[in-house]
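Here are a few exercises to work through with the sequence and the model side by side. Try each task before you read its solution.

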Amino acid sequence: MIEIQNLTKRYGQKLAVDDVSFHVDRGEILGFLGPNGAGKSTTMNILTGYLSATSGECKINGVDILEDPIRAKRSIGYLPEQPPLYLDMTVKEYLSFIYDLKKAKQPKTEHIKEVCDVVKISNVYNRLIKNLSKGYKQRVGLAQALIGNPEVLILDEPTVGLDPKQIIEIRSLIKKLGKKHTIILSSHILSEIQAVCDKVVVINQGKLVADDTTANLSHNMSNDRRYTVLIDGPENEVYRSLCGITGMVNVDLLGKREEGVYEYSVEAEDGVDIRREIFKRLAERNWPMLGLRSSEMSLEDIFLQLTKDSGGIK
Ligand SMILES: Nc1ncnc2c1ncn2[C@@H]1O[C@H](COP(=O)(O)OP(=O)(O)OP(=O)(O)O)[C@@H](O)[C@H]1O
């Protein structure tokens, strides 16, 4: 659906995007991550036809954005970080204006009504945009992206500046939209990417440093087979017992969590699943296991690791 091949962009001497390739399949929600100045906006601007590339290809639905921008743009709904709203228009006037600009083909009144229903702004249809809350303005921004029913949605930090309730609402709306559209979502809120996206692409200093599913990234980058275990039992004996398990590489006592209850970090040899053996040993000694969780890295840890040379994240 979206195909980016060897994309490079130079601003004079500055190499902003350096030979980046990735693709997004139909119906996927892709998270696009990177620290400040990594080249995200440049990539998105090329993808949406606002900037030309120095070299490389960008195809939307098989159409090259540089060769046939008008056709390619028909498949794209774009919500920039600052939604392009005319504040002195009502929602109705604005969406009607956008409909005309995009030369949308759907029956006008029905289509605008349908879009308003999807993003839940029908109740403010006749209100001036400047009087709407930030969350509602963002929904109007999403509505303009949806006019014309484009297959691809490109959303640049769509939840920036919203309160937690609005963030949850917009996120679930994006998830819902993902059922019908292919979406690229740029965000610096990592939990958002983890909650909403199927796949994640990370760029750093113009280069692609990761392109995988969120689950795979977290799994592959983790020091495989690490768990945190919470055990009700005498600390030294439990420690020794855990150390004695075949395939155990390391046991660390993390600390006391309740009276008589201690938390341990355990690590097994590659390819060895020690969970059952831990359970059996503890059961034999009648030391209840109160919790066992995988210590796989969060997307936040992965992001920091992948971009650690760039001097901080946005
Ligand atoms: N018009 C321009 N002329 C020269 N350099 C530019 C121009 N636009 C961007 N850059 C540089 O290119 C690099 C990539 O910028 P870009 O805006 O794409 O990054 P970004 O990942 O979107 O960052 P942010 O998260 O801060 O928006 C940066 O070093 C930036 O300073």
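Two residues are in contact if their C-beta atoms, placed from the backbone, lie within 7 Å. This is a predicted model, in which local features need pLDDT of at least 70, side-chain atom pairs count only at pLDDT 80 or more, and totals for chains, interfaces and linings use all residues. Residues are numbered from 1 along each chain as its sequence is written.

**Exercise 1. Find the residues in contact with Leu-30, leaving aside its neighbours within four places in sequence.**

Step 1: The contacts of Leu-30 are Val-24, Ile-183, Ile-184, Leu-185, Cys-197, Lys-199 and Val-201.

Step 2: Now place Leu-30 in its core. A nonpolar core is a set of buried Ala, Val, Leu, Ile, Met, Phe, Trp, Tyr and Cys residues joined through C-beta atoms within 7 Å. A residue is buried if 20 or more other C-beta atoms lie within 10 Å of its own, exposed if 12 or fewer, and partly exposed in between. The largest nonpolar core has 63 residues, and Leu-30, Ala-143, Ile-154 and Leu-185 touch the most other members.

Step 3: Helix 5 (residues 134-146) gives this core its largest share, 5 residues. Helices here are DSSP runs of H or I with at least four residues, and strands are runs of E with at least two, numbered from the N terminus.

Step 4: Because domain 1 (1-75 + 151-220 + 298-314) and domain 2 (87-147) both give residues to this core, it lies between them. The domain bounds come from an automatic or database domain assignment.

**Exercise 2. Are Asn-149 and Glu-157 buried or partly exposed?**

Step 1: Locate them. Asn-149 lies in the loop between helix 5 and strand 7 (152-156), while Glu-157 is in the loop between strand 7 and helix 6 (164-177).

Step 2: Look at the backbone. Phi is positive in both non-glycine residues, near 55 degrees for Asn-149 and near 45 degrees for Glu-157.

Step 3: Count neighbours. Asn-149 is partly exposed because it has 17 C-beta neighbours inside 10 Å. Glu-157, with 20 other C-beta atoms within 10 Å, is buried.
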